[in-house]
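Here is a short report on one structure. It takes helix packing, then the ligand site.

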Amino acid sequence: MAGTKYAYVKNFELPDPLLPNTFIVLRVDGHAFHRFTDTHTFAKPNDERGLLLMDHAARAVMEEYKDIVLGFGESDEFSFLLRRSTSMYNRRESKILTTLVSHFTAFYIFYWSTYFPDTPLQYPPTFDGRLVLYPSQKEVKDYFAWRQADTHINNLYNTVFWALVQQGGQTTTEAHATLRGTISSQKHEILFTRFGVNYNALPSRYRKGSVLLREIDLGTEFVSHHSPLLENAHVAVNNSENTFPLDLVADSPGLGETNFRATKKRRKAVVQVLHDDIISDEFWEKRPMLLNGE
Ligand code: DGT
Ligand code: MG
Ligand code: MG
Ligand code: MG
């Protein structure tokens, strides 16, 4: 409709570019999930179905947007790191933010019934989102450490709190009072002595949250047909949740040139879900491309 007397209104739409060469971090967070999780009778303190659904929605977003190199999820939130030099949507802030939050929300609803087959949605869940720019690797590492430390603190508190209520017969007010002023070691102690729970033995998904990144997948077809060694390695990859060293493929015994080429074609980076320690330097040192990649 260019050229009409109305077209000038377009000039009021201001550009909103994000600073070049900075790390973009997006965090989406469930809107009023206190109520949403109550209404949909989520298990307390952790509902595995809900967390798996969050992981699935995040994975789907990352598969759609290759410039997201890392995701971290806990509770009703997910953080995403974009590659530093991304030119996605010309780095337009509102375009990136709204599109990604919208995708996340849509995927969450799209996959709802896969994880909650017996729980129809009572109303549509929604998510808010924010973008933060970080100038250096240090802030990015500290950002993710901050979120994972939050996971730990909240999960430890909530685990003891709900044990006191559900198994200890305390009211929620009493449980809050019991925990007031306690330090981490005392919470571990209460869990262990009163409820026989070893906190560190609880699922790492609950204790550490979910780390999503692209790691190399060998492709099961090749693996199962050619080498028991690689078959085991493959299983180990998926279980141990480690980076699969590409070199191992090339150096493995019994792999002819043809097979190697076939492997090369088939190996592709798929989004993996890990429950590893992201606070340690080791996590980043093992994956230098996350922060140093173009
Ligand atoms: P907001 O984010 O300001 O709109 O408000 P909320 O209510 O979403 O608050 P937030 O994001 O600080 O806290 C997340 C809420 O979601 C919190 O009340 C606990 C709940 N939630 C998250 N994951 C689970 C779960 O696995 N099980 C249960 N029962 N609740 C969960
Ligand atoms: Mg919030
Ligand atoms: Mg929330
Ligand atoms: Mg939250």
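## Helix α5 against α6

The crossing of α5 and α6 is right-handed. This is a predicted model. Helix α5 spans residues 137-166 and helix α6 spans residues 172-179. Their axes come within 9 Å and cross at roughly 130°. α5 and α6 are therefore oblique to each other.

On the α5 side, the contact is made by Tyr157, Val160, Phe161, Leu164 and Val165. α6 contributes Thr172, Ala175, Thr178 and Leu179. By class, the residues of this contact between α5 and α6 are 7 nonpolar and 2 polar, with no charged.

## Helix α5 against α7

Helix α7 covers residues 184-195. The axes of α5 and α7 come within 10 Å, crossing at roughly 35°. This crossing of α5 and α7 is left-handed.

From α5, the contact uses Leu156, Tyr157, Thr159, Val160 and Ala163. From α7 come Ser184, Lys187, Ile190, Leu191 and Phe195. The contact of α5 with α7 divides into 7 nonpolar, 2 polar and 1 charged residues.

## The shell around ligand 1

Which residues are closest to ligand 1? They are Phe33, His34, Thr37, Phe42 and Asp47, out of 16 residues that surround the ligand. The shell around ligand 1 holds 5 nonpolar, 7 polar and 4 charged residues.

Three elements each supply at least two shell residues: β1 (23-30), α1 (33-39) and α2 (48-64). The largest share of the shell, 3 residues, comes from α1.

Key
Residues are numbered from 1 along each chain as its sequence is written. Chains are lettered from A and ligands numbered from 1 in the order in which they are written. This is a predicted model: local features need pLDDT of at least 70, side-chain atom pairs count only at pLDDT 80 or more; totals for chains, interfaces and linings use all residues. A residue is near a molecule or strand if its C-beta atom, placed from the backbone, lies within 6 Å of it. Helices (H or I, at least four residues) and strands (E, at least two) are DSSP runs, numbered from the N terminus. Ala, Val, Leu, Ile, Met, Phe, Trp, Tyr, Cys and Pro count as nonpolar, Asp, Glu, Lys and Arg as charged, and the others, Gly among them, as polar. Axes are lines fitted to C-alpha atoms, for helices over the stretch in contact, and angles run from 0 to 180 degrees between N-to-C directions. Angles under 35 degrees count as roughly parallel, over 145 as roughly antiparallel, 65 to 115 as roughly perpendicular and the rest as oblique. A crossing is left-handed if the near helix is turned anticlockwise from the far one by less than a right angle, and right-handed if clockwise. Two residues are in contact if their C-beta atoms, placed from the backbone, lie within 7 Å.
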